[in-house]
Amino acid sequence: MARAIAERLSATGTVNALELRGVTKRFGALLALDDVTLSVRPGERRAILGSNGAGKTTLLNCITGDFPASSGTIRFFGEDVTRFPAHERIRRGLRRTYQISLLFGGLSVLDNVYLACLGVSRGRFSLLRPRRDDALVESARALVHAVHLDEVAEKKVAELAHGQQRQLEVALALAGAPRFLLFDEPAAGLSPAERADLVAILQGLPAHMGYVIIEHDMDVALRVVESVTLMHEGRIFKEGTPEEIEADPEVQELYLGHGRG
Amino acid sequence: MARAGAMATGEPGAEGGGLARRVERHPLAALLLALAIVLFLWLVLADWPEELERWLGRKRVFVSALFNGITLGGLYFLVATGFTLIFGLMRNVNLAHGSLYLFGGYLAYSTVQATGLWLPSFLVAFVLVAIVGLLLQVLVFRHMEGQELRQTLVTIGLSIVFADLMLWVWGGDFYQIPTPEWLAGPIDTPIVLDVRPNGEAVYLRYPRVRLVIFAASVVIGVLLWLAINKTRVGMLIRAGVDDREMLAASGVPIQLLFALVFAFGAGLAGMAGVVGGTFQSISPGEDTRFLLASLVVVIVGGLGSIPGAALGALLIGLAEQFGSVYLPTYAIVFSFLIMVLVLAFRPQGLLSVR
Amino acid sequence: MAVARPGLPAATTAGETAGGIPPSAWITALVLVIMPALASDFFLVQVFGWALVLGTIALSLQFLAGYGGMVSLVQMTVAGFAGYMVAILGTSGLTQISLGWPFWLAVPVAILLAVLFGTLSGALAVRTAGIYTIMITLAIAAAFFYFTRQNETVFGGFLGFNGVRAPVFWGIDWRSPVPFYYLCLGWAAIAWGLVVWVVRAPFGLALQGIRDNPRRMAALGFDVTAHRIAAYAFAAFLAAPAGILLTWMNGQIAPGTVGIGPVIDILVIAVVGGLGRPIGPFIGALLYVLLRIFALDALVALGLSGQRFQLLIGLGFLVTVLFSPDGILGLWERARHRWSAPLNRGGR
Ligand SMILES: Nc1ncnc2c1ncn2[C@@H]1O[C@H](COP(=O)(O)OP(=O)(O)OP(=O)(O)O)[C@@H](O)[C@H]1O
Ligand SMILES: [Mg+2]
């Protein structure tokens, strides 16, 4: 019920998909996130840039609840999810990929995606074995197709090439009905052809599906987003359109100058 | 995308800056603790009003349960501290720890039988059991580093084998290590238990040996804490607890450190065996009993933390003694309940390091 | 973890292998069913019945350890708890405690309570992860053992309950060897079948996903803690009836049944048999029972005390853990396939 209301609100644009206020994360003495305040509209596509160790991944981890923020609040479509465990946030339509692929190496591609579909379905505790024409299996097949992995669908993930594993990461995030996605360097280590493939997948996502993408490759990042947030040493350092960011002399100095772009 | 290496998160003063900070961070817990201490002090020192005696029985019973609990806690601390030290550094849950305790006890018993010397039996127990620990580390655990579960299974196997070997050698009898003369007998404490109608006060008389042993375990605990917090070796150990890879990378002879800590932890268990054999008794089955006591103590106190072991040992010792005095058929439930509560509300243990 | 774990079975191809039950399985099943015609009463109950019951309890450990990555030492305790409950609720020689309920009420309630007990133990154990599991479950097991020994009013103290017997119904005396053997075989087969079924069902698949990668599973929407607790509940459901059978077999239940020794024995059985597949614990149990019965004579013949049996068990366990972490099952499979490295070795 609450979700339906939130959805309607979001449709009228009054509620942000993501709303972070003063989010801080400490690892011992290290301040990995320092008072991050950020909002992303539903359907908005945003890149987060920043040098190594800027805290980008940590930010995603706090948003998804992989580990809790030290302080601050996080709202997802208006709902305060700060104290929610990860799975509760996922069940509300948040999805993510990992910078270092976190897959089930011993399972086939299809089974990986099947688990992802199961995770956001009601049958998680089911004791009935899936039939071949099971709705979840069907949707898993569709997803495998969507990320162009049909040929290796029955292959064990451990035997996959790096690029294919990255694509599978994306597929796992697309399971169910995501409302907002977080991509952590999905293009890392991909060949130019695979990058083009990824860009096509991202651009092909339905327009209401907003996302945040961490990406070092400006070519990829700037083609798939409409806004950019720059992070530095755990803080948000600048926000703007891709053009503004690219043109900003300070940014050029700090990031593009000796970044990895 | 090389992931930034793990950070050194040395937090100066987090442990050392101690009391004031803890109190500041947990004002309620500190208050409750202070109240509990005051209450206990009052119960020990005051002349009990009738009303109280009706509730808690004779003051004598209460005070001796308290003393027994605290001294038992001292013994538990001696056993558990080696366990927690070994886990803290090597992530090895040594379920043969109880066997080391019992082995120390038997060794000391045989030493005292043969020579009549009590103090040197500590040395014998410490050294021989430490050697066993050393051998275990070098011959077995070194070859399975990082395989926590397998190491633990090995320690279970070892504990079965040790138990049977000890049964073979020493048989199934109960042994008590005789207390040396200079420690035998009770000591008069200034604690008034009762006032006779004629105005004469009855003082608590308590076994000297238990008090001495308790004092010794406090000294050992403090020394250990100092060694770990103020010396170079201790610093290395703490660094190892926080981040083993970094320690390995920094050129420290980590295997030597592991072997020494394992030997030392085992030796402590052996010495605890002498203590246990002196003020209780040793027999087959005591290995399991003390293994379990160690487990519960470190689960309560926080695995890997020495102050945690001290606190856990005190709590469990007290719970056991008060339980067996006031609710004999449910005594075990008390220690267990403490463990359950800690797991429910602070699963990492009361004073956990991380 | 070094102990070999079964690989994840394929979810989406489930059912395709259903027709492929190997002939060896059929033969085993057949032999087990016609066993009463082959074996003496002693063998039937004291060897095969006992092995089936211990195997079932060890199976519940294998399920948790192999598929859930949680080495729970509380399974024997859950079984013993169920045994105690039938003694307390049903009839026993200790008439001042036993409530004398009819078996058809006492048994289901006992199972229910034992499942509750197992679930609560699990809920405690999963509060922390990894190696803590073994410590916490061992502590729970020990607490229960000491408690039953101390407590006279409900658990009958040191002596426990005697005269706890299988009921007579449908005109069959279930205490007599052949029917009792079939009871043991029946529950062992059901438990085995349940495990084989469940590990391929969504619940079992998710459990194995959680074993391999809890963080990712949470990020896919799975409630890791709830799944683990549910696994404990399921395992308790397997172990509880076996505990009742064990109690009926011995005619009694006492603290010794749930002592640290038996608790560890179940671990030994499961590990020596092999945590890789549900059949492993039964192999381990048969071996254990045979050793237990015949090694005693052998030891005595060698001039050693029968007590040295524990030494044998301990050494056997050590050798297994040191040299063939996936147990006899793994040994056999390696010999058959001439594979050297098990999958997932040393995975963390
Ligand atoms: N689990 C952790 N424990 C301790 N420190 C951590 C942890 N995770 C991240 N850090 C530290 O927090 C800081 C921010 O790390 P984070 O991974 O968020 O950076 P990033 O912006 O994603 O960098 P990269 O471009 O390398 O992915 C780093 O200094 C990192 O070492
Ligand atoms: Mg990152």
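C:Cys184 counts as buried, because its relative accessibility is 1%. Buried here means under 20% relative accessible area, exposed means over 50%, and partly exposed is in between, with a 1.4 Å probe and protein chains only. A:Cys62 is also at 1% relative accessibility, so A:Cys62 counts as buried. What about disulfides, and how many does the whole structure have? Zero, over all chains. The test is a pair of cysteine sulfur atoms within 2.5 Å.

A word on the model. It is predicted: local features need pLDDT of at least 70, side-chain atom pairs count only at pLDDT 80 or more, and totals for chains, interfaces and linings use all residues. Residues are numbered from 1 along each chain as its sequence is written, chains are lettered from A and ligands numbered from 1 in the order in which they are written, and side-chain values use heavy atoms, with hydrogens and water left out.

Next, the metal. Which residues coordinate the magnesium ion, ligand 2? A:Thr57 through OG1 and A:Gln99 through OE1, at 1.8 to 2.2 Å. A:Thr57 sits in helix 2 (residues 56-64) of chain A, and A:Gln99 in the loop between strand 6 (94-96) and helix 4 (109-119), so the pair ties together parts 42 residues apart in sequence. Helices (H or I, at least four residues) and strands (E, at least two) are DSSP runs, numbered from the N terminus. Donors are N, O and S atoms within 2.8 Å of the metal (3.2 Å for Na, K and Ca); water is not among the atoms, so the site may look incomplete. A:Thr57 counts as buried because it is at 16% relative accessibility. A:Gln99 counts as buried at 15%.

Now the domains of chain A. Domain 1 is 1-93 + 179-261, and domain 2 is 98-177. These bounds come from an automatic or database domain assignment. Contact means heavy atoms within 4.5 Å. Their centres, over C-alpha atoms, are 24 Å apart.

On to chains C and B. They bury about 3,900 Å² between them, 78% of it on carbon and sulfur atoms. That is accessible area (1.4 Å probe) that two parts lose on being put together, summed over both. Chain C gives 43 residues to the contact and chain B gives 45.

Last, C:Ser60, in helix 3 (residues 41-68) of chain C. Is C:Ser60 buried or exposed? Buried, because its relative accessibility is 0%. Leaving out residues up to four places away in sequence, C:Ser60 touches C:Gln75, C:Ala235, C:Leu238 and C:Ala239.
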